[in-house]
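Please take a moment to look over the chain below before reading on.

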Amino acid sequence: MWNCRSIKSLASLAAVAASLAGATPAHAENPYPERPVTIVVAFAPGGATDVLARKLAQKLGDHYKQSFVVENKPGAGGNIGTAYAGRAKPDGYTLYLGTVASHGVAPNLYKNTGYDPIKDFTPIGLIAASPQIVVVNKDSPLQSIGDLVQHGKTDNATYASSGAGTTIHLAGEMFNIKAGTKMEHVPFSGSGPAVNALLGGHVDVMFDDMPSSAPHVKAGNLRALAVTGTQRSALFPELPTLSEVGKPYGLEGFNVSAWFFLGAPAGIPDNIADSLNQTLNAILVEDDMKAYAAERGAETLPGTRAEARQFIEGELKKWNEIITAGNIPKL
């Protein structure tokens, strides 16, 4: 399975070449796009996926000199909008901004999502990934991952999440499986309420998405123990990864990230998909786009279409194994 570092390493030459060329040759050979392009987002306006889609739409519009417009299709945990995008005409005028939820977790968690994550989509390329951050209350006696593992084997250990079936929930389940802990899952109706419970000392720990907990860590109200990606976060470079410090506890190789990719309905012409991939890679190495990602604890991931597909297939397999091992019921 590909991890974020290997994808970046393999794609570096291609990304640099694309950025220098500005994807001009592909544009010159192909008049695409000749009219506005829609990017479907399967969530309501204002969330992380929507904000990223709007940033990307603006950048694609600048490169192609054509309008790229975000269309929000929320509902059923993202399944409605994802199925809608997968059924669209594969002509390059409907694109889709997918996530770890849509193409990693949901197909393994729901009995019927209404779409096939592999057969119904052509990945254009990965966009960015952000690790989660393992956080405890500032007054918690848990000072390290070793402390968390030891406490997690007791009968009163708890971890909060933004809801059953979210990656925040499943990261805690992965921790339990790998470290042999038995922390009880306490779901809330979103990251905000879950973080508030942690701030109030009502739960022990949270494997939170970076944007919601980072401000509390910086303010000193939460203590961060580690990050969950394959490498340290530029936002908190002093924090080790779980894999770094977790070898004695079975946590080596622990990898959970919130990731995003640009896709299209299956059957999009290769020349259009290649043009979009080249342009996306050029955008992802621009300083302002890298800075935009870094401010949110993420890193951009330029690479090939094939690498994006292989990464998604690996994530589907990983989450299937965790959901199965954790006996998490289908929704």
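Which residues in H7 are buried? The model is a predicted one, in which local features need pLDDT of at least 70 and side-chain atom pairs count only at pLDDT 80 or more, while totals for chains, interfaces and linings use all residues. Residues are numbered from 1 along each chain as its sequence is written, and side-chain values use heavy atoms, with hydrogens and water left out. Helices (H or I, at least four residues) and strands (E, at least two) are DSSP runs, numbered from the N terminus, and buried means under 20% relative accessible area, exposed over 50%, and partly exposed in between, with a 1.4 Å probe and protein chains only. With those terms in hand, the buried residues of H7 are Thr-167, Ile-168, His-169, Leu-170, Ala-171, Gly-172, Glu-173, Met-174, Phe-175, Asn-176 and Ala-179. Because 11 of its 13 residues are buried, H7 is largely enclosed by the rest of the structure.

The expected span of a helix is 1.5 Å times one less than its number of residues. For H7, with 13 residues, the distance from the first C-alpha to the last is 18 Å, close to the 18 Å expected. Just after this helix, Gly-180 takes a positive phi of about 75°.

A nonpolar core is a set of buried Ala, Val, Leu, Ile, Met, Phe, Trp, Tyr and Cys residues joined through side-chain atoms within 4.5 Å. In the largest such core there are 46 residues, and Ile-145, Phe-175, Phe-207 and Leu-242 are those with the most contacts inside it. The element that gives the most to this core is H13, with 7 residues. Apart from it lies another core, of 32 residues, which includes Tyr-32, Val-37, Ile-39 and Leu-56. Returning to Phe-207, and taking contact to mean heavy atoms within 4.5 Å, its partners beyond four places in sequence include Ile-168, Ala-171, Gly-172 and Phe-175, as well as Tyr-159, Met-183 and Leu-242.

Next come the empty spaces. Rolling a probe the size of a water molecule over the atoms shows where empty space is left. On a 1 Å grid over the protein atoms alone, a cavity is a set of points where a 1.4 Å probe fits but cannot get out, and a pocket is an open set with protein on both sides within 12 Å along at least five of seven lines, lining residues being those with an atom within 4 Å of a point. Grid points are joined across faces, edges and corners, and a volume is the space filled by probe spheres set on the points. The largest pocket has a volume of about 1000 Å³, and of the 42 residues that line it, Ala-48, Thr-49, Asp-209, Ala-258 and Phe-260 lie nearest its centre. Among the elements that give two or more residues to this lining are helix H3 (48-64), helix H7 (167-179) and strand S9 (257-265). The count of cavities of 30 Å³ or more is 1, and the largest cavity holds about 40 Å³ of space. Its lining consists of His-103, Pro-117, Ile-118, Phe-121, Pro-123, Arg-309 and Ile-312.

Thr-49 is buried, with a relative accessible area of 10%, and, not counting residues up to four places away in sequence, it touches Val-41, Phe-43, Leu-97, Thr-99 and Phe-260. The 17 residues of H3 should span 24 Å at 1.5 Å a residue, and its end C-alpha atoms are 24 Å apart, which agrees.

Finally, consider the backbone. Most residues other than glycine have a negative phi, and most peptide bonds are trans. Lys-65 has a positive phi of about 60° although it is not a glycine; Lys-65 sits in the loop between H3 and strand S2 (68-72) and is exposed, with a relative accessible area of 71%. Asn-327, also not a glycine, has a positive phi of about 50°, lies in the segment after H13 and counts as exposed at 66% relative accessibility. A cis peptide bond, with omega of about -5°, joins Tyr-32 and Pro-33, and Pro-33 is placed in the loop between helix H2 (24-29) and strand S1 (37-41).
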